[in-house]
Amino acid sequence: MSNLEQTLSIIKPDAVERHLENEIKEMFKNNGFSIVKEKKIQIEKSEAEKFYKVHETKPFYSDLCEYLSSGPIVVMALEKENAVLGNRELMGATNPKDANEGTIRKKYGISIDKNSVHGSDSVENAKIEINFFFKD
Ligand code: CMP
């Protein structure tokens, strides 16, 4: 049965700063994702705090929000069959040192903070996160 989904992807400041935007987009396209919405923006720390609210009790929350708002990012809605899981597989583990060969974070990630990309962790959060950046 067909299960077309959308998921939110963010190319984070470390990757945009290193001009990896197009290479990372090619990886999505080569893996069957369509980029159905896309914009390059820089957000305020207060917006990053809203976006990452699920992490607000974590010790890394403030640094995480500081970092996401530190430079331009590319936010995209990616579409494919089972897009949420597929994107998580393509990104690899949160910490680039644990990520499998061939994943985006293995290839481009620098550290657990500068891990180049964010992707929604569930179908429910994908809807919330896409709506956060692309309110129609
Ligand atoms: P991301 O998928 O964007 O979701 C939350 C981010 O928090 C995560 O990627 C990491 O970049 C960052 N982070 C920093 N420290 C940790 C940690 N100890 N565990 C998980 N995520 C962390």
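Start at N115: an N or O atom in the side chain of N115 is 3.2 Å from an oxygen atom of the ligand. I count a polar contact as a pair of N or O atoms within 3.5 Å. Of the ligand's own accessible area of 450 Å², the protein covers 77%; such areas come from the Shrake-Rupley method with a 1.4 Å probe.

A word on where this comes from. This is a predicted model, in which local features need pLDDT of at least 70 and side-chain atom pairs count only at pLDDT 80 or more, while totals for chains, interfaces and linings use all residues. Residues are numbered from 1 along each chain as its sequence is written, and side-chain values use heavy atoms, with hydrogens and water left out.

Back to the ligand. A polar side-chain atom of Y52 lies 2.6 Å from a ligand oxygen atom. At I112 a polar backbone atom is 2.6 Å from an oxygen atom of the ligand.

Who else is around the ligand? The residues there, meaning those with a heavy atom within 4 Å, include K12, H55, F60, R105, D113 and H118. By class, the shell has 4 nonpolar, 4 polar and 3 charged residues, where Asp, Glu, Lys and Arg count as charged, Tyr is among the nonpolar ones, and Gly is among the polar ones.

Now the whole chain. The protein chain has 7 helices and 4 strands; these are DSSP runs, H or I of at least four residues for helices and E of at least two for strands. From the N terminus, the order is β-α-α-β-α-α-β-α-α-β-α. Along its principal axes, the C-alpha trace spans about 40 × 35 × 25 Å.

Methods. Polar contact = N/O pair within 3.5 Å; in protein donor to acceptor, adjacent residues only side chain to side chain.
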